[in-house]
Amino acid sequence: MHKHRGFPGRLPGTDFQFTIRRANPKGVTPLKRLERFRDRRHTDRLADAAFLGALWDHFEDQPFERGNLDAGRLSWLFGREVVPAEEPFDPASYDAMLRIDERQARASFPDVFAEDDAPSGDVDDEDWA
């Protein structure tokens, strides 16, 4: 199981886990698409956004190995913002390759990409006065 060094282990100040420490001895938890209903708790939605932001910071639009990324947290994004990057795809493999569907991710979580959409260049605050 590949360990993604430098990837946050959890959402700071919460118990929302982003990575696992070791492989599950009972077998790999398969990825599956979980429905996100409108009445989900605010903290759950924040965890989804923070996790997607961490994925984007580490991998951007490049394929990445599932490795030690938490299956439960990935499943909230799987099939929408995070999609298989290979055929055939094995949802129960730590070696499975995934990628971010940037178009879908930007539509679902615009705040995660707000910094990317900011104007580039060296502009001082004084220039905007």
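Modeller: A polar contact here is a pair of N or O atoms within 3.5 Å; within protein, one must be able to donate a hydrogen and the other to accept it, and residues adjacent in sequence count only if both atoms are side-chain atoms. By that rule, the side chain of arginine 80 reaches the backbone oxygen of tryptophan 76 at 2.6 Å, and the side chain of arginine 80 also reaches the backbone oxygen of leucine 34, at 2.7 Å. This is a predicted model, in which local features need pLDDT of at least 70 and side-chain atom pairs count only at pLDDT 80 or more, while totals for chains, interfaces and linings use all residues. Residues are numbered from 1 along each chain as its sequence is written, and side-chain values use heavy atoms, with hydrogens and water left out.

As to its place, arginine 80 sits in the loop between α2 (71-75) and β2 (82-84), where helices (H or I, at least four residues) and strands (E, at least two) are DSSP runs, numbered from the N terminus. Arginine 80 counts as buried because its relative accessibility is 10%, buried meaning under 20% relative accessible area, exposed over 50% and partly exposed in between, with a 1.4 Å probe and protein chains only. Leaving aside residues up to four places away in sequence, arginine 80 touches Arg33, Leu34, Glu35, Arg36, Ser75, Asp101 and Gln104, contact meaning heavy atoms within 4.5 Å.
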